[in-house]
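Colleague: I would like to learn how to read helix packing and pockets from a set of coordinates. Can we work through some cases?

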Amino acid sequence: MCIFTDLVEIMDTLRSESGCPWDREQTLESLREYLLEESYEALDKINTQDYQGLKEELGDLLFEVIFLAKIASDMGKFTIFDVIDGIREKMVRRHPHVFGQARADTSQEVSDNWHKIKEAQENKNYDSVIGGVPKNLPALFRAYKLTKKAARVKFDWDTVEQILDKMEEELEEFKEALASNDREAMETEIGDILFVSANIARFVKINPETALLRANGRFEKRFHYMEKKLKDEAISMEDTPIEEMEKLWEEAKKK
């Protein structure tokens, strides 16, 4: 028997009357946090190149998909096999250069064709050019996706230098808000600064969410280095002068 079918049958058993009480109680809404958690755990394994861990996390993510589809099936909406058939049809439709008569000799041509086909379908589903961007995305990544869609109808800067000028403008406005101690204005300007940052990243074809994740990783490694160095010398971090910590920080960067 197919391994995938085995997994589907395990899910059926867990949700049955003789199965698991916890699994039977779950809803689409209650599983949202687990779907998000498993996705981030898989991303973490990719970032650390932990392939054994990635294999396990992809399994967990696959099980979440089967779990959600089972609940939808119990509601009479669709089954996991409807999900598979839908993505099968979509992949064939989105790759006319492979399964049809279209031509696409470069990855850029593939991307252009993909977005044309996708937008033709989305235009039927949404009233706005920037519709269809999930509201639950991390805010920085959502800013990237929103402006990427807007750019497809030429609502964009011409050069990255123009966006950098905009960043300077937003920084000055934040300084003014800071000087006046206007908390609401400060929040607004911080949001604008982050939004412009996402635009700079998009313009130079860098995913800002990935860039920030890696920046977080670099910060953690360097901070842990400082902690270890101070601990090895039996020195409390709280009692360490900032100048000494900055020295250790630069040392960590070099390593």
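**Helix pairs and a pocket**

Modeller: Helix 3 and helix 4 are roughly antiparallel to each other, a label for angles over 145 degrees, where under 35 is roughly parallel, 65 to 115 roughly perpendicular and the rest oblique. This is a predicted model in which local features need pLDDT of at least 70 and side-chain atom pairs pLDDT 80 or more, while totals for chains, interfaces and linings use all residues. Residues are numbered from 1 along each chain as its sequence is written, and side-chain values use heavy atoms, without hydrogens and water.

Colleague: At what angle do helix 3 and helix 4 pack?

Modeller: The angle is about 160°, and the axes lie 9 Å apart. Axes are lines fitted to C-alpha atoms, for helices over the stretch in contact, and angles run from 0 to 180 degrees between N-to-C directions. Helices are DSSP runs (H or I, at least four residues), numbered from the N terminus. Helix 3 and helix 4 make a left-handed crossing; that is, the near helix is turned anticlockwise from the far one by less than a right angle, with clockwise giving right-handed.

Colleague: How do helix 9 and helix 10 cross, left-handed or right-handed?

Modeller: Left-handed. The axes of helix 9 (residues 160–179) and helix 10 (residues 183–203) come within 9 Å and cross at roughly 165°, so helix 9 and helix 10 are roughly antiparallel. Among the contact residues are Ile163, Met167 and Phe174 of helix 9 and Ile190, Ile193 and Phe203 of helix 10. This contact divides into 15 nonpolar, two polar and five charged residues.

Colleague: What is the angle between helix 11 and helix 12?

Modeller: Helix 11 (residues 208–232) packs on helix 12 (residues 242–254) at about 120°, with axes 9 Å apart. The pair is therefore oblique, and the crossing is right-handed. Phe219, Phe223 and Met226 of helix 11 are among the residues in contact, as are Leu248 and Trp249 of helix 12. The classes are nine nonpolar, no polar and four charged.

Colleague: Which helix gives the most to the lining of the largest pocket?

Modeller: Helix 3, with seven residues. Helix 4, helix 8 (139–151) and helix 11 also give two or more residues each. The whole lining has 15 nonpolar, five polar and four charged residues.

Technical notes: Contact = heavy atoms within 4.5 Å. Nonpolar A, V, L, I, M, F, W, Y, C, P; charged D, E, K, R; others polar.
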